[in-house]
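Colleague: Please take me through this model, beginning with the pockets.

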Amino acid sequence: MCPIYNITKNNIRHSCISFLGISLFLLTACSGEKGSHDQVSTVSIDKGVEHFDADYTSAQYQSLFKNPKTIRLETNDKCLLSANAYLLNVTPKYIVIGDKTSFYFFNAENGSFLSVMDRKGNGPEEYADIFSRFFDEEKELIYVATPNKTKLYKPDGTFVSEYPKDSISNFIGVSNGYWGTYKREYQKSHLVAFFDKDWNMKQSFFPFDVESVTGFSGGYIVPRFRDGNDQVCIVINDTLYASRKEKLIPAVAINQGKLKMPTDLNGDLERMLTEGKYCIKAENALLVNDLLFYDFFWNESRHYTLWDTNSGELLTHSEKGYVMPYNEKAIVNTPVSLIRNNKAYTLLSIDKLAQYGLANEEDDSNPTLLCVDLGN
């Protein structure tokens, strides 16, 4: 979980100036291009608000997800997954599931159980709290980011090494290295940094000072990475930045319009409870090809939307997730957990499948992995 920091009211003016400076820095230093959004697509989220009270699916969306394939994960006493289990990675060899402090490995072809890794503890080769986690397909190593170190393990739980002295509180891997939110000593500031495969820092951006950056409700949440098709995305100040080799460049300007949280609501609890529920909060964004997956809290519910960044059109909306084919006859609504090589993956619990008549709700088996081709 990303840490939240509080600041005083005296810092607010300085915060706005600092954040503006950061944005200008991003557009010039990070991209190596002119500091403008002339070449950046714009998606106006508030233009879709008329569809946010019900499910909506466009004709274009109906042809995006094709060729469903399901894999039932084996269930036995050594690999019972909780309701909080989530999909960490899918490789040609493994289906990797994270669950609390454990990591489960299943065969990618048939879902059979292979191994489990859990090194929770207080020893030098163990971890207590987990900030972030990642499975490196090439090296077959699990990276566990703790408050002070990032520790590396093999799928069978063997400890390999640790890095660095300070914490990377949020990181993700791509083919040429790793992107991480790098926490400097004593949590005084953060950098978004790119590391090569040997964990040498190659680039660093976004200097976040705890005492100079404000955000929702008088605090600041360190930005979170999302990845799809070997591309990393992060949203800073209403702009989605996407990785290009060792750089982050502005890719999509996300215009929330009238749904944007007014700055004067910060710290005003009474207004937050009334007006605030009609403002977008805690949004997540991912750019895959020309598609913007954008989910957010609004009007006391989570909303899932998909946008065409070329036309700016809303392709689908639902509070239940994205509509996907389960087989030739059935469809399901579900969040997208992972996108690799133009394939979208999600875990479907027995309870979820039972809602569509695809399983017995009394069954206590492990989830089913759904994979569909993503056309664009």
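Modeller: A pocket is an open set of points on a 1 Å grid over the protein atoms alone, where a 1.4 Å probe fits, with protein on both sides within 12 Å along at least five of seven lines; lining residues have an atom within 4 Å of a point. Its volume is the space filled by probe spheres set on the points, joined across faces, edges and corners. The model is predicted, so local features need pLDDT of at least 70 and side-chain atom pairs 80 or more, while totals for chains, interfaces and linings use all residues. Residues are numbered from 1 along each chain, and side-chain values use heavy atoms, without hydrogens and water.

Colleague: What volume does the second largest pocket have?

Modeller: About 680 Å³.

Colleague: And which residues lie nearest its centre?

Modeller: Val90, Thr91, Glu137, Arg340 and Asn341, out of 29 lining residues. Strands (DSSP runs of E, at least two residues) that each supply at least two lining residues include S4 (65-72), S9 (132-136) and S29 (343-348).

Colleague: How does the lining divide into nonpolar, polar and charged?

Modeller: There are 11 nonpolar, 7 polar and 11 charged residues. Asp, Glu, Lys and Arg count as charged; Ala, Val, Leu, Ile, Met, Phe, Trp, Tyr, Cys and Pro as nonpolar; the others, Gly among them, as polar.

Colleague: Changing topic, what is the strand order in the open sheet of 5 strands?

Modeller: S2-S21-S20-S19-S18, with mixed pairing; two strands pair if DSSP finds at least two bridges between them. S2 (41-44) and S18 (226-228) each have a single partner strand, so one side of each lacks a neighbour in the sheet.

Colleague: How many bridges join S19 to S20?

Modeller: These antiparallel strands share 4 bridges, and Ile236 has Thr239 as its bridge partner.
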